[in-house]
Amino acid sequence: MRLGSRTWLALAFFAVIALLPFLLPTFYLTLLGNVGIYALVALGLVLLTGVAGSTSFGQAAFMGVGAYTSAVLCLRFGLSPWLTLFAAVVVTGMVALILGAITLRMQGHFLPLATIAWGLSLYYTFGNAPFAGGFTGLTGVPPISLFGLALNTPSRFYWLVWAVLALCAWVTQNLLQSRTGRAMRALRGGVTVAESFGVNTYALRVQTFLLSAVLAAVAGWLYAHGQGFINPTPFGLPQGIEFLFMAVVGGSGSVGGAILGAGLITLLRDQLQNLLPKLLGQSGDFVTPVFGILVILMLQVAREGLWPLLERVLPRPPQTLMPGTERLPLHAKPASGEELLKLEGVSKHFGGLKAVSEVSFSLRSGEILGLIGPNGAGKSTLFNVISGVLPPTSGKVTLRGKDISHFASRQIARLGMARTFQHVRLFPEMTLLGNAMMGGYARAHAGMTRSLLHLERGEEAALQHDAARQLARVGLGNVFELAGNLPLGQQRILEIARALVADPTLLLLDEPAAGLRVGEKRELSALLRKLQGEGVTILIVEHDMDLVMNVVDRLVVMNYGEKLAEGTPREIQQHPAVREAYLGGAA
Ligand SMILES: Nc1ncnc2c1ncn2[C@@H]1O[C@H](COP(=O)(O)OP(=O)(O)OP(=O)(O)O)[C@@H](O)[C@H]1O
């Protein structure tokens, strides 16, 4: 296996870290041990906040659950700290599962508020639980031993902390580079995109939350046994906020950011604690206000944190596809002309508004069907009903004979329907390849555990190769370019490539020509004709009449939520009601 230059750098970094106990005084080893512990919590925040987009102020509380579980079990029952590590992870996982199940459906600012609420309540629980020693806490927590050797000197404990951190950083990095990691990033962009490619977003959110809590629990376990005593203070809300600072200052989108942020904030706090009283000539907590100002300033100049700035001088990640011969499974293809999609009397009402009313039509394999109509005619609503984003009020939608009327969009995606969006929904900071690979989520199977341990490389390579093939198919060559650098026209084409990676039996395009320049529209028409030639079945909602009339086999015209007409482009152009209602009699 060839290692990339970034991997070598990471190995060199941890090698230097391993040598520091021979070079640094005890005080700094203790400080760096704390950096390692805090970095573990910040790592969880990278997953939860930076990647999946859920802000949490409550991670210190999870650290506390881990610390208290381990300490109480060791002190009351004399269990080994290795056994209590297991218990700490399980108990924290269960607490996180209960809290996550209740709060993770919340959107916007409600989730951060909920994390504050449990951060506060767990803090007071630690302080008031009779077995936890009240606010004075518990002392005499035994050190961790390894092969009979007590890790109770600053250097031994330091090595343990950084070995655990290195392991956790490795698995987190593996996860971020996997199918599951990409789906987690998609959570941040909203659930619709992720669900439309087959991701169970709620389950993934809960899993991510659980993982971040487990990382905090491991940090708590290390903390309790490293200090030898615990009380509720380090697990309160202020510490929860500081962990979030660490992730944000370092760069909450990456593993390196978590370690950098934990290091900077911890070392800076220590330096300021010494320096400020000397500078100001009086004692008192001046560190916190100075910190607040520094964080505000930093958010002005480097919103993504400091890691992305550092990354600019690091070697770029490899720009080659992974070697591999595995192929992803394909959907069984329908025979040409087979009835693929059928709508029978489909209606969708929003309160009293009949956005779609009793619409019926069908679509055969190999066909391109256009759905047109004036603004507000109900096209997008119908599109959303077909793709499972909205349930119909009445009527039936069948895909290859299967009633999908009340299926969620992720279930429909798994049956072979893929879509693009009216407003482009890509991940601009990801490469074309990464974006396209998102489309193949439902064709691959590796879950969280295989991803964490890097056991899904064959499948990942297959996904990469298929994504590169589909990008070439639509004419996008530079697969390592960032999606955000593309002009709108090519972004829309990238969305089509992403949908093609899903190996769709039916491709839904929602206004693919919206906002495109004339040349870009021409390229889009050429692509659609090419795909048609290759037998792809397409349902397209579009306003651009030139494009539609050029590429579709048949058209369904909607007006005021109802189907006004259906026929070939020529029939539709001559249809009196359509000319009257939709084309204003001018066509
Ligand atoms: N979530 C919603 N809640 C309430 N009304 C809605 C909702 N979505 C759409 N509508 C209404 O349903 C009607 C049909 O809207 P829809 O967006 O489906 O039309 P459209 O044909 O796609 O229009 P456009 O071409 O402008 O995108 C409109 O009157 C719209 O305001």
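Residues 157-176 are 100% helix and 0% strand, with end C-alpha atoms 28 Å apart. Helices here are DSSP runs of H or I of at least four residues, strands are runs of E of at least two, and both are numbered from the N terminus. This is a predicted model: local features need pLDDT of at least 70, side-chain atom pairs count only at pLDDT 80 or more, and totals for chains, interfaces and linings use all residues. Residues are numbered from 1 along each chain as its sequence is written.

- An unreviewed UniProt entry places the feature "transmembrane region" at residues 7-29, 35-53, 85-104, 116-137, 157-176, 202-223, 243-267 and 279-302.
- UniProt positions follow the numbering used here, feature names are shortened, and annotations may be inferred rather than shown by experiment.
- Residues 202-223 are 100% helix and 0% strand. Their end C-alpha atoms are 31 Å apart.

**Overall build**

- The protein has 23 helices and 14 strands.
- Its C-alpha trace spans about 85 × 50 × 50 Å along the principal axes.
- Of the 587 residues, 47% are buried. A residue is buried if 20 or more other C-beta atoms lie within 10 Å of its own, exposed if 12 or fewer, and partly exposed in between, with C-beta atoms placed from the backbone.
- Among contacts between residues at least 6 apart in sequence, 75% join residues at least 24 apart. Contact means that two C-beta atoms, placed from the backbone, lie within 7 Å.

- The domain assignment gives domain 1 (29-311) and domain 2 (339-581). These bounds come from an automatic or database domain assignment.
- The C-alpha centres of domain 1 and domain 2 lie 41 Å apart.
- In domain 1, 21 residues are in contact with 28 residues of domain 2.
- On the domain 1 side, the elements giving two or more residues are α6 (154-176), α7 (179-188) and α8 (191-196). Helix α7 gives the most, with 7 residues.
- By class, that side has 7 nonpolar, 10 polar and 4 charged residues. Ala, Val, Leu, Ile, Met, Phe, Trp, Tyr, Cys and Pro count as nonpolar, Asp, Glu, Lys and Arg as charged, and the others, Gly among them, as polar.

**Ligand shell**

- The residues around the ligand are F350, L353, A355, G373, N375, G376, A377, G378, K379, S380 and T381.
- The largest share, 3 residues, comes from α14.
- The shell divides into 4 nonpolar, 6 polar and 1 charged residues.

- Helix α18 (457-473) has 17 residues. From first C-alpha to last, α18 reaches 24 Å, close to the 24 Å expected at 1.5 Å a residue. The expected span is 1.5 Å times one less than the number of residues.
- In α18, the buried residues are E459, E460, A462, L463, Q464, D466, A467, A468, Q470 and L471.
- The buried residues of α18 pack against α7, α16 (432-438) and α19 (488-501).
- G475 follows α18 and has a positive phi, near 90°.
- A444 sits in the loop between α16 and α17 (448-452). A444 counts as buried because 20 other C-beta atoms lie within 10 Å.
- Leaving aside neighbours within four places in sequence, A444 is in contact with R179, L328, E459 and L463.

- Most residues other than glycine have a negative phi.
- R400 has a positive phi, near 50°. R400 lies in the loop between β8 (394-399) and β9 (402-403). R400 counts as partly exposed because it has 19 C-beta neighbours inside 10 Å.
- H454 has a positive phi, near 65°. H454 is in the loop between α17 and α18. H454 is partly exposed, with 16 other C-beta atoms within 10 Å.

**An exposed helix position**

- N274 lies in helix α11 (255-280). N274 counts as exposed because it has 10 C-beta neighbours inside 10 Å.
- N274 and V287 are 13 residues apart in sequence and 9.6 Å apart in space, C-alpha to C-alpha.

Methods: Near = placed C-beta within 6 Å.
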